[in-house]
Amino acid sequence: MENKKTVTGSWLVEETTRLYDLTIEEGAEITAPQGKFVCMTVNGVGCDPKPGRYHGDILLTVADCYHMAPHALMRINNISRDFQDAVVIDSSKGEVVEAQCVPAIVQGGTVTGEKTEGVYIASSAESFNGVLIYGDGSYTVKDSRVELDGFSANDFMGVGSAVAAIDTADVVIEDCDLTVNGVTRCAVHVGGDSHVTVRNCRIQNTSPDSDWLGDFSWGCGFTRLDLAPGAVVAAPAGRTLTVTLDGQAVDLQPGSYSGTLVLTVD
């Protein structure tokens with residue numbers, strides 16, 4: 001085990017490596033083999049390997065990328081992307097895709113092929129995802145907290161989201177606290193023909209001020225929303241929630257809504 005390292009040029013990390021003292025000089029970089037990525041965690045919290053000195057339990061995890069094929073608006077220009085995720089689930093097989101996961105960033109709880117429960121995932125790395133579920137099966141994310149911070153590359157594809165569902169996965173998010181802060185970054189991505197049910201969750205999605213052209217607020221948008229009896233959608237204290245359906249203001253009550261439904265917090 002190598003306890004201390006100074007990176008002065010380009011360091012290709014080919015296997016998961018643990019350090020306790022890491023210095024990255026200006027102009028230096030840490031890279032992974034093709035088709036893989038390096039997730040750096042310091043005491044269990046993810047971060048980008050930027051120049052500086054790091055102390056603590058430093059783990060450089062080498063994992064396989066999840067290749068996200070073009071979907072939604074990205075089909076027009078045939079845009080795909082390699083995702084970097086804490087947890088990847090194949091819901092069709094009911095299994096965890098271990099080679100694409102980063103166990104070091106998943107604190108507490110359990111992750112199985114049927115449910116992620118009681119975990120805490122935190123990262124300030126750009127474009128890093130929490131839990132990704134693909135396939136045609138069912139999955140539950142329960143009693144978990146995800147905190148992600150930093151710029152993300154493509155919210156239309158769900159890059160950098162706390163929870164992302166694609167294909168025809170049927171996902172339940174229950175009793176969770178999801179906090180995402182970053183330009184073009186969404187808390188929950190519902191892609192493909194997937195279906196997501198949210199129960200008793202706190203979801204906070206903020207976009208900091210930026211000069212970048214993509215720094216605008218879409219609010220929270222749906223093409224179909226089902227609110228069960230007793231369900232409440234509200235803004236944080238001191239904020240105002242505005243809801244429109246196909247451009248017209250509506251009072252959101254339990255029931256089913258289809259069309260262009262946009263929730264904006266001012």
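The second largest pocket is lined by 18 residues. Those nearest its centre are Phe37, Val38, Asp48, Gln84 and Glu126. The model is a predicted one, in which local features need pLDDT of at least 70, side-chain atom pairs count only at pLDDT 80 or more, and totals for chains, interfaces and linings use all residues. Residues are numbered from 1 along each chain as its sequence is written, and side-chain values use heavy atoms, with hydrogens and water left out.

A pocket here is an open set of points on a 1 Å grid over the protein atoms alone, where a 1.4 Å probe fits, with protein on both sides within 12 Å along at least five of seven lines; lining residues have an atom within 4 Å of a point. The volume of the second largest pocket is about 240 Å³, taken as the space filled by probe spheres set on the points, which are joined across faces, edges and corners. Its lining has nine nonpolar, four polar and five charged residues. In this scheme Ala, Val, Leu, Ile, Met, Phe, Trp, Tyr, Cys and Pro are nonpolar, Asp, Glu, Lys and Arg are charged, and the others, Gly among them, are polar.

Three strands each supply at least two lining residues: β5 (36-42), β6 (45-47) and β9 (81-90). Strands are DSSP runs of E with at least two residues, numbered from the N terminus. β5 gives the most to the lining, with five residues. β5 also runs antiparallel to β7, joined by seven bridges; two strands pair if DSSP finds at least two bridges between them. Within this pairing, Val38 has Val62 of β7 as its bridge partner. β7 (residues 52-64) is likewise joined to β3 (residues 17-24) by seven bridges, again antiparallel. There, Thr17 stands opposite Leu60.

Strand β9 holds Val88. Val88 counts as buried because its relative accessibility is 0%, the cut-off being under 20% relative accessible area with a 1.4 Å probe and protein chains only. Beyond its neighbours within four places in sequence, Val88 is in contact (heavy atoms within 4.5 Å) with Tyr66, Glu95, Val96, Val97, Gln100, Cys101, Leu132 and Tyr134. Val88 and Cys101 lie 13 residues apart in sequence and 5.9 Å apart in space, C-alpha to C-alpha.

Ser138 has Asp170 of β19 as its bridge partner.

Conventions: Helices (H or I, at least four residues) and strands (E, at least two) are DSSP runs, numbered from the N terminus. Buried means under 20% relative accessible area, exposed over 50%, partly exposed in between (1.4 Å probe, protein chains only).
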